[in-house]
Amino acid sequence: MEQKLKEEEKKVGVIETWLRKHTLLFKGATRHPFILSIRDGSIDITSFKSWLAQDYLFVRAFVPFVASVLIKAWKESDESGDMEVILGGVASLEDEISWFKREASKWGISLSEVVPQQTNKKYCGLLESLMSPDVEYTVAITAFWVIEVVYQESFAHCIGEGSKTPQELKETCERWGSEAFAKYCQSLQNIVNRRLQKASDEELKKAEHTFLNVLEYEVDFWNMSRGNV
Ligand SMILES: Cc1ncc(CNC=O)c(N)n1
């Protein structure tokens with residue numbers, strides 16, 4: 001019985017284990033000074049605008065990445081429900097791109113003139129490498145989940161108890177900090193945990209490596225937005 005319980009525990013969550021093991025890096029990505037400065041209202045609007053412009057370019061590169069995960073799900077997934085979750089992600093990106101355009105015009109940013117910074121290019125390069133057919137579905141969906149959850153955890157913090165987020169930034173925080181986005185991230189996390197349970201040691205290692213890689217790139221992305229490239 002005791003042994004059985006332990007097995008169950010192991011099964012519940014590879015993700016939980018990773019989050020415990022890599023708490024510092026995860027906090028680094030989700031409680032970054034950029035995010036803390038939104039939450040306490042001290043944010044420098046130049047940083048915000050820089051983030052907005054760069055993130056628009058990132059999201060454009062994110063669309064084909066998510067589409068590649070959809071293809072992998074169709075080819076490799078053992079559960080047909082995965083496709084709907086990912087398709088929902090693709091669909092909401094159309095709205096997100098329109099939102100970026102509206103938001104940019106509100107701030108007087110001309111998106112056609114935005115030049116991608118080196119850090120952004122590097123991150124988009126990581127996305128592109130993960131689009132390769134050689135990358136397993138399990139690894140790709142792990143990356144997808146962690147990319148989304150960093151924004152969910154970060155922006156939810158900006159609208160949580162006691163936050164002093166400036167009014168004009170609240171809509172941005174709601175986009176990723178909302179209950180609906182949290183639910184969507186949970187659906188992705190359930191897929192990832194299910195896949196990781198069944199993964200080989202080799203695949204597990206690759207997935208964990210990708211998880212860490214994404215977290216590092218997210219930290220770099222926030223750093224870039226604050227002007228410390
Ligand atoms: C750099 C970065 N990471 C994650 C997200 C969230 N996913 C889609 O919007 C994002 N927009 N930008």
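Mentor: The crossing of H5 and H9 is left-handed. This is a predicted model, in which local features need pLDDT of at least 70, side-chain atom pairs count only at pLDDT 80 or more, and totals for chains, interfaces and linings use all residues. Residues are numbered from 1 along each chain as its sequence is written, and side-chain values use heavy atoms, leaving out hydrogens and water.

Trainee: What makes a crossing left-handed?

Mentor: The near helix is turned anticlockwise from the far one by less than a right angle; clockwise would be right-handed.

Trainee: Why is H5 called oblique to H9?

Mentor: H5 (residues 45–76) and H9 (residues 167–177) pack at an angle of about 40°, with axes 13 Å apart. That angle makes H5 oblique to H9, because under 35 degrees counts as roughly parallel, over 145 as roughly antiparallel, 65 to 115 as roughly perpendicular and the rest as oblique.

Trainee: Which residues make the contact of H5 with H9?

Mentor: Ile45, Phe48, Trp51 and Asp55 of H5 meet Leu169, Thr172 and Trp176 of H9, contact being heavy atoms within 4.5 Å.

Trainee: What are the corresponding distances for glutamate 148 and tyrosine 151?

Mentor: For glutamate 148, a polar side-chain atom is 2.7 Å from a ligand nitrogen atom; for tyrosine 151, a side-chain N or O atom is 3.1 Å from one.

Note on methods:
Axes fitted to C-alpha atoms, helices over the stretch in contact; angles between N-to-C directions. Helix = DSSP H or I, 4+ residues; strand = E, 2+ residues; numbered from the N terminus. Polar contact = N/O pair within 3.5 Å; in protein donor to acceptor, adjacent residues only side chain to side chain.
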